[in-house]
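Dear colleague,

I am handing over the structure below for your review. My findings follow it, and I would welcome your comments on them.

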Amino acid sequence: MSNVKHSHKTDPAYALASAGSEEKGFVLWREVLMAYVSPAVMAGIGGLITGDRSLQIAALTTIGGTSVLIAWLLGLWLRKRGRSKRWFVEPPRLLVVVMFALVCASLGFFAAWVTNRVPDMIGLSDYSIWFDRVWIDFPLSGTIASSIMTWRWRKVFEENYTLNGGDRR
């Protein structure tokens, strides 16, 4: 192995290989998985500690499901439009995370409101007790998922910005 000769470091193939290995990418499925696992595991642990069976079930359904949906939609938007939005890439990372957390919490409240109104509209008012939990789950899951996605996307973006010599395009 020590007798292996390496190509000259100015070779174009070497430059492509080294650039590809240094630059981290924003892999959507990995980020969505992380946005599902984080709140679901924490809520599941909380359900185990308190003995709340409904929290354990909600950890895998309403909490995890809402997190996946928000993370996936936000991740798609970030990949497609995130770099071109000046108001998203220039302010400090924490400010952007808080802004998206507030927006997604508001969307979670709206989704909870719609979810609670639909059974009443179609005459299933006896089953509306099953939807009482979404008032907490949807906004909280939206907040956690959006915080994870925006924080991690901005971190990858800033690392790539530094590696590429400051070109934010």
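Two aromatic pairs are present in this predicted model. In one of them, the ring centres of Trp 77 and Phe 100 lie 5.9 Å apart, and the pair counts as tilted because the ring planes stand at 50 degrees, between the limits of 30 degrees for stacked and 60 for edge-to-face. Trp 77 belongs to helix 3 and Phe 100 to helix 5, so that the pair links distant parts of the chain, 23 residues apart. Trp 77 has a relative accessible area of 27% and is therefore partly exposed. Phe 100, at 10% relative accessibility, is buried.

Regarding the overall fold, the chain has six helices and zero strands. Read from the N terminus, the order of elements is α-α-α-α-α-α. The chain has 169 residues, of which 32% count as buried. When contacts between residues at least 6 apart in sequence are considered, 72% of them join residues at least 24 apart. The accessible surface of the chain amounts to about 11,200 Å², and carbon and sulfur atoms account for 66% of that area.

If residues up to four places away in sequence are not counted, Ala 71 touches Leu 28, Val 32, Ala 35, Ala 145 and Met 149.

Arg 154, situated in helix 6, counts as buried because its relative accessibility is 2%, the cut-off being under 20%. Its contacts, again without residues up to four places away in sequence, are Phe 88, Val 89, Pro 91, Pro 92, Arg 93 and Val 96. Gln 56, in helix 3, is likewise buried, with a relative accessible area of 17%.

How many salt bridges does the count come to? The count comes to two. One joins the side chains of Arg 152 and Glu 31, at 2.3 Å from N to O. This pair links distant parts of the chain, with Arg 152 in helix 6 and Glu 31 in helix 2, 121 residues apart. Arg 152 counts as partly exposed, because its relative accessibility is 32%, whereas Glu 31 is buried at 4%. The other salt bridge is formed by Asp 137 and Arg 133, whose closest N and O atoms are 3.2 Å apart. Here Asp 137 is buried, with a relative accessible area of 2%, while Arg 133 is partly exposed at 28%.

Finally, the surface carries a nonpolar patch of about 1,000 Å². Its residues are Phe 109, Phe 110, Trp 113, Val 114, Val 118, Met 121, Ile 122, Trp 135, Ile 136 and Leu 140. The elements giving two or more residues to the patch are helix 5 (93-121) and helix 6 (134-163). Helix 5 supplies the largest share, which is six residues. Ile 122 is located in the loop between helix 5 and helix 6. With a relative accessibility of 58%, Ile 122 lies over the 50% cut-off and therefore counts as exposed.

With kind regards

Definitions and conventions
Residues are numbered from 1 along each chain as its sequence is written. This is a predicted model: local features need pLDDT of at least 70, side-chain atom pairs count only at pLDDT 80 or more; totals for chains, interfaces and linings use all residues. Side-chain values use heavy atoms; hydrogens and water are left out. Patches are made of residues with over 30% relative accessible area and no salt bridge: like charges are joined within 9 Å, nonpolar side chains (Val, Leu, Ile, Met, Phe, Trp, Tyr) within 5 Å. Accessible areas come from the Shrake-Rupley method with a 1.4 Å probe; for residues, only the protein chains shown count as cover. A salt bridge is a side-chain nitrogen of Lys or Arg within 4 Å of a carboxyl oxygen of Asp or Glu. Helices (H or I, at least four residues) and strands (E, at least two) are DSSP runs, numbered from the N terminus. Buried means under 20% relative accessible area, exposed over 50%, partly exposed in between (1.4 Å probe, protein chains only). Contact means heavy atoms within 4.5 Å. Rings of Phe, Tyr and Trp (its six-membered ring) pair if their centres lie within 6.5 Å; planes under 30 degrees apart count as stacked, over 60 as edge-to-face and the rest as tilted.
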